[in-house]
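Please keep the model open beside you as you read.

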Amino acid sequence: MTWQDVVDLAQQWPEVIEATSYGEPSLKVRKRLLARHRTADDSIVLLDVPHDERDHLIEILPDVFFREAHYDGYNIVLAKLANAPPETIARLLERRWRGSASKRALSEYDAAH
């Protein structure tokens with residue numbers, strides 16, 4: 001995957017916009033961070049990933065998922081985009097989107113799909 005693949009994937013959902021976060025490309029939903037691209041190592045910051053799920057992802061896909069001490073204590077996992085399975089990234093992003101989007105956007109999206 002590339003960051004552009006992530007952008008294209010996320011733009012299927014209402015209220016997703018391209019933005020910046022900490023000077024890096026990001027996606028936001030109603031001003032809430034959906035994901036951030038770390039350009040230095042071409043990875044993505046994925047939010048709302050509980051610690052047990054994060055640890056499981058790192059265990060089963062160590063060439064994709066990882067963590068750094070900077071994010072300890074947060075429900076965050078990092079993923080190397082070059083190795084990332086699109087369906088897994090889509091699932092994690094959609095969960096975060098569903099937790100951030102308006103009720104109207106969710107209803108309209110679900111009705112259309």
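T88 counts as buried because its relative accessibility is 13%, where buried means under 20% relative accessible area, exposed means over 50% and partly exposed lies in between (1.4 Å probe, protein chains only). You will find T88 in helix α3, residues 86–100; helices (H or I, at least four residues) and strands (E, at least two) are DSSP runs, numbered from the N terminus. Setting aside neighbours within four places in sequence, T88 is in contact with L57 and F65, contact being heavy atoms within 4.5 Å.

A word on the model itself: it is predicted, so local features need pLDDT of at least 70 and side-chain atom pairs count only at pLDDT 80 or more, while totals for chains, interfaces and linings use all residues. Residues are numbered from 1 along each chain as its sequence is written, and side-chain values use heavy atoms, with hydrogens and water left out.

Now step back to the whole chain. The protein chain has 4 helices and 6 strands, and along the sequence they follow the pattern α-β-β-β-β-α-β-β-α-α. For 113 residues, a compact globule would have a radius of gyration near 13 Å, and the 14 Å of the protein chain agrees with that; the radius is taken over C-alpha atoms, and the globule rule is 2.2 Å times the number of residues to the power 0.38. The C-alpha trace spans about 35 × 30 × 25 Å along its principal axes. Of the 113 residues, 47% count as buried. Among contacts with a separation of 6 or more, 50% come from residues 24 or more positions apart.

L57, a contact of T88, takes us to helix α2, where E53, R54, L57 and I58 are buried. These residues cover an arc of only 135 degrees around the axis, which puts them on the same side of α2; the arc is that of the directions from the helix axis to the C-beta atoms. An α-helix has 3.6 residues a turn, so residues three or four places apart point the same way. The buried residues of α2 pack against β5 (65–66), β6 and α3, while the face turned away from them carries the exposed residues D52 and E59.

Not counting residues up to four places away in sequence, L93 touches V6, L9, W13, L34, A35 and L46.

Next, the aromatic rings. The whole structure holds 2 aromatic pairs; rings of Phe, Tyr and Trp (its six-membered ring) pair if their centres lie within 6.5 Å, with planes under 30 degrees apart counted as stacked, over 60 as edge-to-face and the rest as tilted. W13 and W97 are stacked, at 5.7 Å centre to centre with 20 degrees between the planes. W13 lies in the loop between α1 and β1 (16–21) and W97 in helix α3, so the pair ties together parts that are 84 residues apart in sequence. W97 and Y109 have ring centres 5.3 Å apart and planes at 75 degrees, so this pair is edge-to-face. Together, ring pairs link W13, W97 and Y109 into a cluster.

Finally, visit two loops. R30, between β2 and β3, has a positive phi near 50 degrees and counts as exposed at 51% relative accessibility. D48, between β4 and α2, has a positive phi near 60 degrees and is partly exposed, with a relative accessible area of 29%.
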